[in-house]
Amino acid sequence: MSGLELILVAVWSFIVSFFGGMVGMVLGNLRLPLVVLVGSSAAAAAGANVAISGAAALTSAYAHWQGGRLSWRLFAWMAPTSLVGAVAGGLISGALPNRVLLGVIGLVVLYGAFEIARFKRPEGAAEVAVPDNRKLLVNAALVGFGVGVLGGLVGLILGTLRLPALIKYSGVSPYAAVGTNAAVGVVVGIGGLVGHLPGGVDWSILAVGAAAAMPAAYFGARFTGRLDERQLLRAISAILVVSGSAMAVQAIVG
């Protein structure tokens with residue numbers, strides 16, 4: 001792998017993670033094509049990519065926690081199932097056609113953008129409300145497992161899929177969803193990396209990508225608190241459209 005290729009990975013990782021950190025996502029699907037292009041193999045590149053996403057999610061989650069946008073109760077319900085799902089997905093990666101998976105996920109993400117765009121917080125609800133209903137917490141746990149499996153399969157954290165599901169099915173406010181989604185992404189990144197270890201990981205890509213992505217995600221997350229709820233929802237929706245469209249294109253062109 002050439003020095004120029006590693007520089008490209010670093011620059012692109014920084015740009016993607018900055019905007020991802022702002023909305024509680026790390027946008028690994030936008031980084032994945034470049035990582036696969038320069039990686040030693042698709043599987044090894046996917047393992048590096050999911051680990052870079054986990055590293056970026058760590059600093060992003062820290063910034064969101066500092067801003068009061070992280071629900072530890074919701075995290076406690078989602079993290080274990082997300083970890084199990086990510087490990088399982090990583091272990092069986094390659095068993096299903098990635099193009100089909102990316103196409104389906106891309107369509108779901110685009111639908112999620114529509115749902116986020118029309119979201120309205122109930123009258124009188126707190127801006128950083130967290131669910132206190134057990135059914136909603138169970139929903140969050142199930143969302144965590146399902147998205148974890150899909151993410152492990154394709155080498156992505158898939159915060160783009162988990163975030164709209166959190167807001168729609170778990171009764172959590174957009175602000176708390178953004179921070180908690182980033183925190184869960186750390187766990188999914190660890191699980192995905194563990195699941196990909198048997199097939200190998202491109203460690204040089206991981207090192208360079210993580211070094212660029214971590215500070216970028218932190219600085220991006222610091223901007224979240226400057227957006228009011230409607231601005232935040234518009235930003236999330238716009239990035240979901242870009243992310244979902246990118247997945248659909250990847251599914252078509254391979």
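1. Confidence by helix. In this predicted model, helix 5 (residues 98–117) has the lowest confidence in the chain, with a mean pLDDT of 76. Helix 9 (residues 203–222) has the highest, at 94. The chain as a whole averages a pLDDT of 82. A score of at least 70 is reached by 91% of the residues.

2. Over residues 122–128, pLDDT stays under 50. For this stretch the model has 11 contacts beyond four places in sequence. Read those contacts together with the pLDDT, which stays under 50 there.

3. The nonpolar core. The largest nonpolar core has 76 residues. Within this core, M25 and I236 touch the most other members. Helix 8 (residues 174–196) supplies the largest share of the core, 11 residues. As general background, nonpolar side chains tend to be buried together in soluble globular proteins.

4. Around I236. Which residues does I236 touch, not counting those up to four places away in sequence? They are V23, M25, I116, L163 and V178.

5. Aromatic pairs. The count comes to six aromatic pairs. One of them joins Y62 and W65. Their ring centres are 5.8 Å apart, with 35 degrees between the planes, and the pair is tilted. Both residues lie in helix 3 (residues 42–66). They sit three residues apart, about one turn of the helix. Y62 is partly exposed, with a relative accessible area of 43%. W65 is also partly exposed, at 44%.

6. A second ring pair. Y218 and F219 also have ring centres 5.8 Å apart, but their planes stand at 70 degrees. That angle is over 60, so the pair is edge-to-face. Y218 counts as partly exposed at 21% relative accessibility.

7. The ring cluster. How do Y62, W65, Y218 and F219 belong together? Ring pairs link these four residues into a cluster.

8. Helix 1 against helix 2. The axes of helix 1 (residues 3–22) and helix 2 (residues 28–38) come within 10 Å. They cross at roughly 170 degrees. The two helices are therefore roughly antiparallel to each other. On the helix 1 side, the contact is made by E5, L8, V9, W12, S13, V16 and S17. Helix 2 contributes L30, R31, L34 and V38.

Methods:
Residues numbered from 1 in each chain as written. Predicted model: local features only at pLDDT ≥ 70, side-chain atom pairs only at ≥ 80, totals over all residues. Heavy atoms only, no water. pLDDT = per-residue confidence, 0-100. Helix = DSSP H or I, 4+ residues; strand = E, 2+ residues; numbered from the N terminus. Contact = heavy atoms within 4.5 Å. Core = buried A, V, L, I, M, F, W, Y, C linked by side-chain atoms within 4.5 Å. Buried < 20%, exposed > 50% of the residue type's maximum accessible area, 1.4 Å probe, protein only. Phe/Tyr/Trp six-rings, centres within 6.5 Å; stacked < 30°, edge-to-face > 60°. Axes fitted to C-alpha atoms, helices over the stretch in contact; angles between N-to-C directions. Parallel < 35°, antiparallel > 145°, perpendicular 65-115°, else oblique.
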